[in-house]
Amino acid sequence: PEGRGESRITLADAVRFALESSEDVRIAAEKRRAATGSRIAAFSEYLPHVAGGVSYSRKSRATLGSSSNPAFNSDQLYAARLGARQEIYSGWATTNRFRRAGAAAEAAEADEARVRAEAAYRATRAYFEALFRVRLTEIAAAALKNAESHEAVARSRYRAGEASEFDVSRARVQTVNQKTARLRARQDETLARERLARLIGRRVDGETLDAVEFKAPAAAGVPDSLDEALARARAARPELRGAAADVRAREYEVGIARALFRPSLAVTGEYLWQNSRASLSDLDERWNAGISLDLPIFDGLMAVGRVKEATSQSRAADAARDKVTEEVVLDVREAYAVWLDARERLDAQRENVDLARDNLTVAEKRYRTGENSYLDLQDAQLALTQAEVNHAQAVFDGLSAKSALTRATGTALVN
């Protein structure tokens, strides 16, 4: 949707647009693809490496006739070679490199999931904030309409000699105040729409938000207890998966370093064709095959240093995983506490708006008959406006709290 009058942007649309336009999501996706490529490259060490080549050379006359091989007594030489090498044993370095690449790929996938969850959460909160500002604008507009109506009643009663000029002046002041409040609400709504538009990469005009989404959040899908919320987070939070994968990758690094103390074994083979002419006749063919065993004797303490370095990095990864776990637990505890508080405030505000609206109706009738003063009418109007604002704030807080708890437990924000 690009303008007014077109289809509405739902919450699911906003999240999808945000994921499509997020640079952070694209970067994380490319890092995941790079990690997958590194895993493929690590697997290649299990396979034989085959290489071939062709060459052409020309000799000076002074070097001719010095060899018993006629091919080498020609001033021109054509050659082709095909060689292969297969590693048999590397002290488990190859296996550990492949496993490390796999763990790194898992960590990259987990990081991409984390980035996507954060982008979805930011879009969700921005969407609800825009709807909240829309609601506040509607409340301000309704309050202004009531203020203008009350001013008209005050003027009518003043002309009839039933109200004082002070009542008219007070009603006029209230009308101006409500106009100012509506202008401020409209400005806040515009800013909220712009923030949402930047996140989702779409224009968010006045007719493109789905106001049906702005309602008290249902408890469906929310954990029934803090223990359940923590269990969900431990099973689903991508940060925990990524930290665990990083720990495994560091452990494999230790194995790679320790392989420097062990021997390595490989087999090699080569086939060579040579000829003094660019033809297949009179070929000089040679081949060789062998097995090589490399024994580390002294490397200047490089292996010792590598093992110590890898071991320290492994311990640091363990500590980082513990830190991430503590942060996730704290995040879930805070999100669950905020959710419970938001639910309580929502319950308290449900009937308050209806009561305030009934009170205003009574106050209007009593003011028209002269039973109440304008001050009573004004108090009833302000009470209704405040009750509506409080209810809208409670709905927004509830929606935000549920979104935060959903993110904290690692659950998808939009199915």
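Helix α6 (residues 238-258) packs against helix α7 (residues 302-349) with the axes 8 Å apart and an angle of about 170 degrees between them. The two helices are therefore roughly antiparallel (an angle over 145 degrees). This is a predicted model, in which local features need pLDDT of at least 70, side-chain atom pairs count only at pLDDT 80 or more, and totals for chains, interfaces and linings use all residues. Residues are numbered from 1 along each chain, and side-chain values use heavy atoms, without hydrogens and water.

Contacts (heavy atoms within 4.5 Å) join residues of α6, including L240, V247 and V254, to residues of α7, including V307, A317 and V324.

The axes of helix α4 (residues 165-200) and helix α9 (residues 374-408) come within 10 Å and cross at roughly 15 degrees. These helices are therefore roughly parallel (an angle under 35 degrees). D167, R170, A171, Q174 and Q178 of α4 meet Y374, L375, Q378 and L382 of α9.

The two contacts divide by residue class as follows.

The largest nonpolar core has 34 residues. Such a core is a set of buried residues (under 20% relative accessible area, 1.4 Å probe) joined through side-chain atoms within 4.5 Å. Y127, F128, L196, I200, L209 and F214 have the most contacts inside the core. Helices α1 (11-21), α2 (23-43), α3 (93-159), α4 and α9 each supply at least two of its residues, and the largest share, 13 residues, comes from α3. Leaving aside residues up to four places away in sequence, Y127 touches I9, T10, L11, A14, L196, L209, D210 and E213.

Technical notes
Axes fitted to C-alpha atoms, helices over the stretch in contact; angles between N-to-C directions. Helix = DSSP H or I, 4+ residues; strand = E, 2+ residues; numbered from the N terminus. Parallel < 35°, antiparallel > 145°, perpendicular 65-115°, else oblique. Buried < 20%, exposed > 50% of the residue type's maximum accessible area, 1.4 Å probe, protein only.
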